Amino acid sequence: MHLNGCELSMSVTALANALARQLSDQDLALAITVFSQMSTTLATISTQRALCAGTAGRQSANSAVETAGLP
């Protein structure tokens, strides 16, 4: 599946809205925490892969860190 940036953003927003409608406030707070942790973990995996790929991967690693919003 290949989505452009706008399509991807709209899809993620629609999914978030659909989930939020079905969850209690407590479950929504838990889902936020779980997805936040997943985002950070995926960024770590992506960065590690890029670093293992060598010099060409360094730029990709920096991009993954920036995308994840990590310092």
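Which element gives the most to the lining of the largest pocket? In this predicted model, the answer is α1, with five residues.

**The pocket**

The largest pocket holds about 170 Å³ of space. Two elements give two or more residues to its lining: α1 (5-22) and α2 (25-52). The lining is made up of Val 12, Leu 15, Ala 16, Leu 19, Ala 20, Leu 23, Leu 28, Ala 31, Ile 32 and Phe 35. Sorted by class, these are ten nonpolar residues, with no polar and no charged ones. As a general point, an α-helix has 3.6 residues a turn, so residues three or four places apart point the same way.

**Helix α1**

Cys 6 brings us to the next topic. Are Cys 6 and Cys 52 buried or exposed? Here are their values:

| Residue | Relative accessible area | Class |
|---|---|---|
| Cys 6 | 57% | exposed |
| Cys 52 | 59% | exposed |

Both count as exposed because the cut-off for that class is over 50%. As for disulfides, a search of the whole structure finds zero.

Definitions and conventions:
Residues numbered from 1 in each chain as written. Predicted model: local features only at pLDDT ≥ 70, side-chain atom pairs only at ≥ 80, totals over all residues. Heavy atoms only, no water. 1 Å grid on protein atoms, 1.4 Å probe; cavity = no way out; pocket = protein on both sides within 12 Å on 5 of 7 lines; lining within 4 Å. Points joined across faces, edges and corners; volume = space filled by probe spheres on them. Helix = DSSP H or I, 4+ residues; strand = E, 2+ residues; numbered from the N terminus. Nonpolar A, V, L, I, M, F, W, Y, C, P; charged D, E, K, R; others polar. Disulfide = S-S within 2.5 Å. Buried < 20%, exposed > 50% of the residue type's maximum accessible area, 1.4 Å probe, protein only.
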